[in-house]
Each structure stands twice: as structure tokens, then as C-alpha cells.
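Subject: Structure handover

Hello,

Here is the structure you are taking over. My notes on it follow below.

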Amino acid sequence: MSELPSLHVRVWRGTPEAGDYAAYEVPRYESQTVLDVVSWIQQHLDGALAYRYACRVGMCGSCAMTVNGVPRWTCRTHVGKVAEDGNLEIGPLANFPVIRDLAVDMDPFFEKWVKAGGVFHAGATRDDPVAEIDPAAETRQIADAGIECINCAVCYAACDTVAGNPDYLGPAALNRAWTLLNDAKDTGRAAILEAVTGDGGCHSCHTMGSCAAHCPNGLNPLESIAGLKRAAARSFFGKGS
Amino acid sequence: MIRPHRRHPLWFAFILHRVSGLALALFLPAHFLMLGSVLEGAAALDAGLAWTDNLLAKIAEFGLVFLLAVHLFGGLRLMALEFLPWSPAQKTMAAASVALAVLVSGGFFLQAV
Ligand code: SF4
Ligand code: SF4
Ligand code: FES
């Protein structure tokens, strides 16, 4: 089966303070994903390798790593697409504290999600009638464009502003805030605008677009952030909120 | 070496805008110094202007006009990006802004030589 030349894989082991890349030879298969490679190493060569995944089909957002310098969802990244002459370098996601090996601490990412006003602001109770939402409404279409986020943090790892400013909320959290701002059922408009216009909010974005270039789901956080900037400007000039 | 996660058109547009802005900031004091030499009499300005006649200065001038054009169109692109909700055309706009910059500065260069 494995007629193909094997892969030369370097995988980050340890923590940033005490760690290094370790080299492994991994058999090459057809349709092999980067996550397959990591799992093969863990199952056959080094059972202590720490990494995360769950769904293996691009739904859960837990398997993101840095592959040859680029943040990617590893379960849906084919080796054939990213290996350079049979070489793969797999490291933990950038812009996160590393727990060990390929597992990073995602807490700052989700804390910022909440900080950006990303928790739904309910205005109705179970006793109220179900809100009717027109799928063709403009705001609904805008929200729909951003809601397929799987929290993989690939955009967050790709963002140079996150790297330079630890307080920056980052593309995913701001994208979430933008979808809520356009959700007719959310009643927290003022709270969201307040949350995204403070220090490290949408105005910290430098519009370099690495988030949109790397989001595996084809979302465009850059455009969502531009939307937040427009909404903030409109509310500042008193043209509605 | 540009790190792999930065190799996409919008990042290049971003860095071009930054670098051209910085370079212009460095150039402007020299520009004002030259204009200011008018105060010391026409001779001082003429001496400065004569210097701009040599080829090296011409090439430098081309660079400056190029930077100005890059920064101008880069700025227009940014404002369009942030204030008009028509985003998927960003990449095209980034490319177009550079193309226009080349055109304008190229025109200047041809006229100068
Ligand atoms: S556009 Fe904004 S959020 Fe996206 S990578 Fe650039 S700075 Fe980060
Ligand atoms: S916006 Fe895209 S890259 Fe960012 S967390 Fe969501 S799915 Fe991942
Ligand atoms: S394992 Fe769930 S997205 Fe990759």
C-alpha cells in the first residue's frame, strides 16, 4: 500500500521554554491528512505526544496547528497539498500559550469571545412567541455570512495584530460580535458596540486580511470588523445605533 | 524572508502602505528644508534644484512619486474597504491601486527624463 516515499516530519515537543522539534519518518498514504500524520506518530512512535482533535471532519475546530509555517485545520488539510518535498513541520498554533507539544491553551481566545460581547443577549422568554426571521432580510444575510465559524482559532493565530497586542480581541471574537449585531433577536446592540470599541477592539485591526486569507471555512472576519467600524462610526455620529 | 502566513495580496498591500508611509515621513523634512531654502534667497534654492538634475536624483524622485501614489491609492483602498460594504473586491482593489501607482509614477518618470 505504501509505495510512496515516506514523509520527513518535524513535530514540536515540549514547551516554548524547554522544547524543540523532533524528527520522525512517517509512511505516506493516499489522501492522508496532516492529522493522520500526527495520529500515526502518536500511535506508532511516541505515545506521549500531546495534541487535540475530536470530529476529524472540520466541524469541531479543535485540531488547528501550524503546518509549514501556516495555521491550518489539520483534519482537512491533505498532506499532498502542504508537504514540501516530503517535508512537514508541525508546531502548535501561534499566538497562544503552549501547554505541551501541539496542545495550546485556548482560554484567552474564548475569554475574548465573551469580552467582545459575544454572548447572546436574549430579550424574550420561553413564554413569548417564536420570533419570525425573514431569511431574505439584509441583516440576516449579513449575519449568515459569518455564523459558520467553528472556533478553530486559525484566524487568531494568523493575525499579526494579535501577536503584537495581547489585548486585541482578534478576528473570531469580533466576527462573532458582528453576527450578533446583525441578529434581529439579539437585544444587546449598545453593549456590543461598547465592547468592540474599547481598547483592543475593532479599531485595533490593521486590515491586513490574514484572517480572511486563512479561515478554513471561507469566512471574512476582516469584512466583519470593517462592518463594526462602520456601525461604531454611525452610532458616534448619532445616525441610529 | 516573508513568513508563510503573510504571503497573500492583502498583507502585501498592508506592508506597502506602511513602508510607503514611513518613507514619506522621512522624506518630508528634506522636502521642506529644500522649500525653506527659498528664504535664504533664490541662489540657495537654485543650487538645490540644480542638484535634482542629476540622474540619481531623478531616480530618487521617481521613487518618491511612486511612494506618494502607492500611499494615496493604498489609503483610498483602505477607506473604501472600511466605509463601503463591498469587500470581496478587496484583492482586485489592492492590485489596481499598485497598478495605478506604477502608471502615475511611470508617467512622471518619462516626463522627467
Ligand atoms: S484584518 Fe484585522 S483581524 Fe484580520 S488578520 Fe488583519 S489585523 Fe488581524
Ligand atoms: S473565523 Fe474562521 S478561522 Fe476564525 S475561528 Fe472561525 S472558522 Fe476558524
Ligand atoms: S478535528 Fe474537528 S475540525 Fe479538525
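Start with Asp183(A), which counts as buried at 12% relative accessibility; buried means under 20% relative accessible area, exposed over 50% and partly exposed in between, with a 1.4 Å probe and protein chains only. This is a predicted model, in which local features need pLDDT of at least 70 and side-chain atom pairs count only at pLDDT 80 or more, while totals for chains, interfaces and linings use all residues. Residues are numbered from 1 along each chain as its sequence is written, chains are lettered from A and ligands numbered from 1 in the order in which they are written, and side-chain values use heavy atoms, with hydrogens and water left out.

Salt bridges

Asp183(A) forms a salt bridge with Lys185(A), with 3.3 Å between the closest N and O atoms. The term stands for a side-chain nitrogen of Lys or Arg within 4 Å of a carboxyl oxygen of Asp or Glu. Lys185(A) is partly exposed at 37% relative accessibility. Over all chains, the search finds nine salt bridges.

Another of them joins Arg100(A) to Asp101(A) at 3.0 Å, N to O. Asp101(A) is buried at a relative accessible area of 1%, whereas Arg100(A) is partly exposed at 37%. These two residues belong to a network of salt bridges that also takes in Arg13(A) and Asp46(A). Arg230(A) and Glu223(A) form a salt bridge as well, their closest N and O atoms being 3.5 Å apart; both residues are buried.

Helices (H or I, at least four residues) and strands (E, at least two) are DSSP runs, numbered from the N terminus. Strand β3(A) is covered on both faces: Ala64(A) and Thr66(A) are buried on one side, Met65(A) and Val67(A) on the other. In a regular strand, side chains alternate between the two faces of the sheet.

Strands pair if DSSP finds at least two bridges between them. β3(A) runs antiparallel to β4 (residues 70–73) of chain A, with four bridges, and antiparallel to β5(A), with two bridges. Val67(A) stands opposite Val70(A) in β4(A) and opposite Ile90(A) in β5(A). The hairpin of β3(A) and β4(A) has two residues between the strands, and Asn68(A) there takes a positive phi near 45°.

Pro92(A) lies in the loop between β5 and β6 (98–100) of chain A and counts as buried at 14% relative accessibility. Beyond its neighbours within four places in sequence, Pro92(A) has contacts (heavy atoms within 4.5 Å) that include Trp12(A), Thr66(A) and Asp101(A).

Helix α1 (residues 34–44) of chain A has buried residues including Val34(A), Leu35(A), Val38(A) and Trp40(A). Among the elements covering the buried residues of α1(A) are β1 (7–14), β2 (19–26) and β3 (64–67) of chain A.

Ligands

A residue is near a ligand if one of its heavy atoms lies within 4 Å of it. There are 13 residues around ligand 1, of which Cys159(A), Thr161(A), Cys205(A), Met208(A) and Cys211(A) come nearest. Helices α9 (210–214) and α10 (221–236) of chain A each give two or more residues to this shell.

For classes, Ala, Val, Leu, Ile, Met, Phe, Trp, Tyr, Cys and Pro count as nonpolar, Asp, Glu, Lys and Arg as charged, and the others, Gly among them, as polar. The shell of ligand 1 has eight nonpolar, five polar and no charged residues. The shell of ligand 2 has 11 nonpolar, one polar and no charged; among its residues are Cys149(A), Cys152(A), Cys155(A) and Cys215(A).

Regards
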